[in-house]
Amino acid sequence: MNRKYWIDLLRGFAIILIVLGHFYQGFLFTQYIYIFHVPLFFVISGMCYNTQDISFRKFIIYKI
């Protein structure tokens, strides 16, 4: 599988937003950052999910 570098860039952007949101708490723009930075990580995770047909047991063992 080829690595998609735009996903890495998007993830880096989301990390920067999290740092800014925690560093500048209380400012107006942090409300807008909190609206989408966590959903952005969920979307990225869904894009990186591997859809192989493996059993649930093998999946858990692999993740451990």
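This is a predicted model: local features need pLDDT of at least 70, side-chain atom pairs count only at pLDDT 80 or more; totals for chains, interfaces and linings use all residues.
1. Residues are numbered from 1 along each chain as its sequence is written, and side-chain values use heavy atoms, with hydrogens and water left out.

2. Helix α1 covers residues 5–23 and helix α2 covers residues 28–48; helices here are DSSP runs of H or I with at least four residues, numbered from the N terminus. Two packed helices are described by the angle between their axes and the distance between the axes. For α1 and α2 the angle is about 150° and the axes are 9 Å apart. The axes are lines fitted to C-alpha atoms over the stretch in contact, and angles run from 0 to 180 degrees between N-to-C directions.

3. That angle makes α1 roughly antiparallel to α2 (angles over 145 degrees count as roughly antiparallel, under 35 as roughly parallel, 65 to 115 as roughly perpendicular and the rest as oblique). The crossing of α1 past α2 is left-handed, meaning that the near helix is turned anticlockwise from the far one by less than a right angle.

4. Next, the residues that meet where α1 packs on α2. On the α1 side they include W6, I7, L10 and R11, and on the α2 side they include I33, Y34, F36 and M47; contact means heavy atoms within 4.5 Å. The residues of this contact divide into 16 nonpolar, 4 polar and 1 charged. In this scheme Ala, Val, Leu, Ile, Met, Phe, Trp, Tyr, Cys and Pro are nonpolar, Asp, Glu, Lys and Arg are charged, and the others, Gly among them, are polar.

5. L20 is found in helix α1 and, leaving aside neighbours within four places in sequence, is in contact with T30 and I33. L20 and I33 are 13 residues apart in sequence, with their C-alpha atoms 8.4 Å apart. At 32% relative accessibility, L20 counts as partly exposed (buried is under 20% relative accessible area, exposed over 50% and partly exposed in between, with a 1.4 Å probe and protein chains only).

6. How many salt bridges does a search of the whole structure find? The search finds 1, where a salt bridge is a side-chain nitrogen of Lys or Arg within 4 Å of a carboxyl oxygen of Asp or Glu. D8 pairs with R11, and the closest N and O atoms are 2.8 Å apart. Both residues lie in helix α1, 3 residues apart, about one turn of the helix. D8 is partly exposed at 22%, and R11 is partly exposed at 36%.

7. Lastly, some separations across the model. K58 lies in helix α3, residues 56–63, and is exposed at 57% relative accessibility. K58 and Y5 are 53 residues apart in sequence and 29 Å apart, C-alpha to C-alpha. F13, in helix α1, is partly exposed at 44%, and its C-alpha atom is separated by 34 Å from that of R57, 44 residues away along the chain.

Note on methods
Helices (H or I, at least four residues) and strands (E, at least two) are DSSP runs, numbered from the N terminus.
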